[in-house]
Amino acid sequence: MTAFHLTRFQTPGALTLAVADCLGDALRAEDGARRGIMLPGGTTPVAAYHELCRRKIVASGAVTILYSDERHVSPDSPESNCGMTRPLLKSLSIPDDRVIRVHAELDLAAAAERYHRDLERFLEGGGHLSLGFLGLGQDGHTASLFTPADLE
C-alpha cells in the first residue's frame, strides 16, 4: 500500500507557501535524472505559481512539466489549467518542448490519446514522475478518491 502523508493548513496562505516551497525544491533539483513534475488544475495553486514567479527561480534542465487534469477548453481560455501556468513556465525558463499538456483544442478522444502517447514517450524515454500534485481545492474533492484506510 502507498503511504500517504496528510497535512492540514490553517490558512490558504500557509498552503500557498508550502506548495511553493515543495515545487521550488523539486524544480531546482539537479540529480541528473529526467524528471516530470505534475501540476494540478483549478485556481487554488495559482497563488503558489505567483509566489514561485516572485522568487525568480530557474528550473533544472531535467524537468518536464505535466498536468494532473485539464478542462476541455481552448488553451487560451481563462479556464485552461495549462493556460494558468503560462506565466510560471515563462518565469521558470521551461521551454514548450518540456511541457506535456492535454491538447484540449482537439476532440476529447483525440486529446486523451495524444496525452497518453506523449506521456508514454516521456516514460519510455527514461523520464519518471518525481512529484505529482492532485487537486488542492478547499472542498477536498480529490481527497474523496481515497479512503481513511489509505491515510493510515
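1. Five helices and three strands make up the protein, where helices (H or I, at least four residues) and strands (E, at least two) are DSSP runs numbered from the N terminus. Read from the N terminus on, the order of elements is α-β-α-β-α-α-α-β. This is a predicted model, in which local features need pLDDT of at least 70, side-chain atom pairs count only at pLDDT 80 or more, and totals for chains, interfaces and linings use all residues. Residues are numbered from 1 along each chain as its sequence is written, and side-chain values use heavy atoms, with hydrogens and water left out.

2. Of the 152 residues in the protein, 39% are buried, meaning under 20% relative accessible area with a 1.4 Å probe, protein chains only. Among contacts (heavy atoms within 4.5 Å) with a separation of 6 or more, 76% join residues 24 or more positions apart.

3. In helix H2 (residues 46-55), the buried residues are Val 46, Ala 48, Tyr 49, Glu 51 and Leu 52. An α-helix has 3.6 residues a turn, so residues three or four places apart point the same way. The cover over the buried residues of H2 includes helix H1 (12-28), strand E1 (35-39), helix H3 (81-84) and helix H4 (86-91).

4. By class, the lining of the second largest pocket holds 10 charged residues (Asp, Glu, Lys and Arg), seven nonpolar (Ala, Val, Leu, Ile, Met, Phe, Trp, Tyr, Cys and Pro) and two polar (the others, Gly among them).

Terms used
Buried < 20%, exposed > 50% of the residue type's maximum accessible area, 1.4 Å probe, protein only.
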